Amino acid sequence: MSTCTSCLGSSLQEEEVMATLKGSESHFAAEKQRLCKSNIVFKLTESQITGQTFSRGSQLPGGLLQERDKRAKWQGIPSLLQKLYESSHPNSDLSSAHGLLKVLSSQLSMEAMSFVTEDRKTTQESTFPNTHTFDLFGGVHLLVEILMRPTLTMQKKKPKMNDDLVKDCLSVLYNCCICTEGVTRVLAARDDFVLFLFTLMTNKKTFLQTATLIEDILGVKKEMIHLESVPNLSDLVQSFDQQQLATFCRILSVTISEPDLCNDDKHTLLAKNAQQKRTSSPSRAEVNQVTLLNIPGFIERLCKLATRKVSEATGANFLQELEEWYTWLDNALVLDALMQMATEEAEQSSTESSDESSLTTGPLRHRLPPSMKIVHEIMYKVEVLYVLCVLLMGRQRNQVHRMLAEFRLIPGLNNLFDKLIWRKFTVSNHVVHGQNENCDCSPEISFKIQFLRLLQSFSDHHENKYLLLNTQELNELSAISMKANIPEVEALVNTDRSLVCDGKKGLLTRLLTVMKREPPDSSFRFWQARAVESFLRGTTSYADQMFLLKRGLLEHILFCIIDSGCTSRDVLQSYFDLLGELMKFNIDAFKRFNKYVNTPEKFQTFLTQINSSLVDSNMLVRCIVLSLDRFQSQTEDVKVVEVLSECCLLSYMARMENRLAFLFRLVNIINVQTLTQENVSCLNTSLVILMLARRKAKLPFYLNALREKEYAERYPGCLLNNFRNLLRFWQCHYLNKDKDSTCLENSSCIPFSYWKETVSVLLGSDRTSLCAIASYIDEPFMDLDRDLLDD
């Protein structure tokens, strides 16, 4: 029995030893396997066998990452991403993942703030190493997966993610976009993610971060997004409060504007016409505009946003505060975030909340200057006015016009003019940029320029332009027509007086007042002149011209051209164009001109300005030629005869050699390959000169003078062949564009049928015709450069 017990004890001991040996062997095997899996060679071999390759840098072995981290100065970001990936599996509650994300966010946010405050224009790895590392090891893709996880479930009721987690994910993604090159384009390539982001805008707590990220992504997206594909877009937009809608306008501006081709060659009319032939259907931008207009109440809410009042800051330090804050608040995310913090504090303090309420007296209130609310409102209004401006220039222009009139946009802007748009105290030493609306200028300057662009679009060739006046000013127009014994313009008669401006001055009169106060080279003058010119464009109205002449506009323009020392080509061009519209067919205007330009020196300075850039001044030349032709047919009028004999400008243009000199230069400075929307007017002005000559049976004289000029300059055939090519292009361009042809007819008072007929006569193939250009080109020089046009 004892023996058996002894044997049994011995057996048990052996089993324990064997178990210990097996356990040690098992532990060794496990440790060996762990070490193998942490080996990069093993990982690569395994990926070749299984076909499951690396999808992110954080999948590299932890040991390798830790060893390399110190030398590469990765700040532990790859290891944190490994943990974030492991803690964010589909069945996780993501609480620990959120904690890890906060750690990562703190490391990345400082680089983003550096980008904002230091105004960095390039995104380089050396500049923002943490953000670059985060993207390199798959952080961007991981956050996209986490955000979109609720969309992958098959359940009817989608699981809701923590709002703070969503906000942190969006903020980190935005930081990566602005600090690391290529991240934004990668996100933009994922249409599913872009559309998903719109669904996050339904949550007010995540709205700001979502909107800012979407704006950044859409700005680089190769193909413009279809707004129709955004889930429940109409309900989404209608759910926005006014502040959210204003922010949303920043996104809309990208979706409804035709993309900038960013290439001078593609801006030529030849390229544009070829593009239109290839794509006859409406562009995505046009389709998106229609989509927006179909959203109930959309335009009405934009009008309310554009015209709502804001609390005004008082005191001499206001402008200084505004400029100091703008030195670093050039990023909309920063400004919106501060305003959101103020709003949240206001809600916590249980104070009343409204669109026009001022900031509360909480802790943040003491850290923000009083002008912050105004800057915030100005930035929003810039975006709202831009959207309205784009819609006004689209195919649905008439529909938009009716809505803007109905919702009293113009009277509302008139009420804001002195208090907000053009306050009495303006920045005295700011840098004013040219007419490029994409320039990096302050909110104050952007707001003024966008306001002026809106007025230009609103008035241009539309009867609603009279809404820019008040009732008394409309009555003044009627009185001018009555005194001149001419009928009132139909558009003036049809104007709904309940929709015009209120107060002592209309918007147009207020604009004229500030226009005279601007410094000579201020680019505000460019936009101001464009806005006033658009009021005069279209069929010439004597009453409209006299309304502006009585307010000293002609003298102001001549002062700027002759006496102010203005050297800006943009400003001078806008003033030449405005002067042409103001003086066209108006004998009183030419009389006033002669009174101001009362010395040979002044007249010579005026001619020098015109001749310095005929592309800029040719519309004025056209006006003088047309007016001279009309006045010469009114010799029974004593007043007209008197002005014709005394006006230095009319006398100058009446001389044949001067008209021929202008014609030669106009034809010589353009060709088909360089024609743009800016210089095509030179072609039309040359045509006007020749049409008027044809009326008087002098066309052969003009054509022969061009031939003689060619031979005198020793390049026979070049000028006339160039002109023939230009006229062929003219036929292709204008015979398919109703709007352009209407503009030509209205501005010249020459029927478009006569334009077409004259071009056909000039292009005639009969070399025996004295009115055909071909008759004046010797056979060896015929059709030089014709192949260029055919291409």
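How are α38 and α39 oriented to each other? The legends below take up this question first. This is a predicted model, in which local features need pLDDT of at least 70 and side-chain atom pairs count only at pLDDT 80 or more, while totals for chains, interfaces and linings use all residues. Residues are numbered from 1 along each chain as its sequence is written, and side-chain values use heavy atoms, with hydrogens and water left out.

**View 1. Helices α38 and α39.** Helix α38 (residues 699-712) and helix α39 (residues 718-734) pack with their axes 8 Å apart and at an angle of about 130°; α38 and α39 are therefore oblique to each other. Axes are lines fitted to C-alpha atoms, for helices over the stretch in contact, with angles from 0 to 180 degrees between N-to-C directions, and angles under 35 degrees count as roughly parallel, over 145 as roughly antiparallel, 65 to 115 as roughly perpendicular and the rest as oblique. Helices (H or I, at least four residues) and strands (E, at least two) are DSSP runs numbered from the N terminus. L706, R707 and E710 of α38 make the contact with C718, L719 and L720 of α39, where contact means heavy atoms within 4.5 Å.

**View 2. Helices α30 and α32.** The axes of helix α30 (residues 569-583) and helix α32 (residues 600-612) come within 11 Å and cross at roughly 110°, and α30 and α32 are therefore roughly perpendicular to each other. On the α30 side R569, L572, F576 and L579 take part, and they meet F606, Q609, I610 and S612 in α32.

**View 3. The ring pair of F603 and Y652.** The structure holds 15 aromatic pairs, for which rings of Phe, Tyr and Trp (its six-membered ring) must have centres within 6.5 Å, with planes under 30 degrees apart counted as stacked, over 60 as edge-to-face and the rest as tilted. The ring centres of F603 and Y652 are 5.9 Å apart and their planes lie at 75°, so the pair is edge-to-face. Because F603 lies in helix α32 and Y652 in helix α35 (residues 648-654), the pair ties together parts that are 49 residues apart in sequence. Both F603 and Y652 are buried, that is, under 20% relative accessible area (1.4 Å probe, protein chains only).

**View 4. A ring cluster.** F417, W422, F451 and F524 are linked into a cluster by ring pairs.

Note on methods
Buried < 20%, exposed > 50% of the residue type's maximum accessible area, 1.4 Å probe, protein only.
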